[in-house]
Amino acid sequence: MSKHDEQVHLARGKVQVGDVAPDFTLPSQSGTPVSLGHFLGKTALVLYFYPRDNTSVCTAEACAFRDSYQVIKDSGAEVIGISSDSVESHQQFAAKYQLPFILLSDEGGIMRKRYGVPTAFGLPGRVTYIIDRQGIVRHIFFSQFTSEKHVDVALEKLQEIGEEHVL
């Protein structure tokens, strides 16, 4: 992202469909730094921000992504969950629910702010971004309490992106 693009993004306050996804480097549940750049040109991303590990709706959402993980992978995408929880919290959460995908620790909420993820009902928002292989945001879905719907929407949008590449 050029300085001009970043300034335009910051002026608008939130990522929108068609924008280049803001880059990030955050620690995963294993402590390894993970960047958006690692995936560019290789795979699409289902990047989902969620409020907190081990809460009922967040657990349901993570388990829904877990249960559909192979289908998502088969459609050419990787799943990444982001919350402000610590690396240690993510380690325990991923182990407890056998989550096969990456969880990133955004302590301080820097990436949440950079993406413009809203708060809802006093909680950090639950937003899913579908990012194509080129790093372009193709779809944004916000729903605070319907966790499984995030997976359904992600699968639908990934299928649409896949069909575009076939045409």
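On one side of helix α4, the residues Gln 92, Ala 95 and Lys 96 are exposed, whereas Val 87, Ser 89, His 90, Phe 93 and Ala 94, which also belong to this helix of residues 87-96, are buried. In general, an α-helix has 3.6 residues a turn, so residues three or four places apart point the same way.

Strand β3, which comprises residues 44-49, is mostly covered, since six of its six residues are buried. Ala 44, Val 46 and Tyr 48 point one way from the strand, while Leu 45, Leu 47 and Phe 49 point the other way, and residues of both sets are buried. Strand β3 runs parallel to β4, to which six bridges join it, and within this pairing Ala 44 has Ala 77 of β4 as its bridge partner. With strand β8 (residues 127-131), β3 pairs in the antiparallel sense over five bridges, and here the bridge partner of Val 46 is Ile 130.

As regards confidence, the mean pLDDT of the protein is 87, and 89% of its residues reach 70 or more. Over residues 1-12, however, the pLDDT is below 50, and this stretch has ten contacts in the model beyond near neighbours in sequence. Where pLDDT is low, the predicted coordinates should not be read in detail.

How values were computed
Residues are numbered from 1 along each chain as its sequence is written. This is a predicted model: local features need pLDDT of at least 70, side-chain atom pairs count only at pLDDT 80 or more; totals for chains, interfaces and linings use all residues. Side-chain values use heavy atoms; hydrogens and water are left out. Buried means under 20% relative accessible area, exposed over 50%, partly exposed in between (1.4 Å probe, protein chains only). Helices (H or I, at least four residues) and strands (E, at least two) are DSSP runs, numbered from the N terminus. pLDDT is the predictor's confidence in each residue, from 0 to 100. Contact means heavy atoms within 4.5 Å. Two strands pair if DSSP finds at least two bridges between them.
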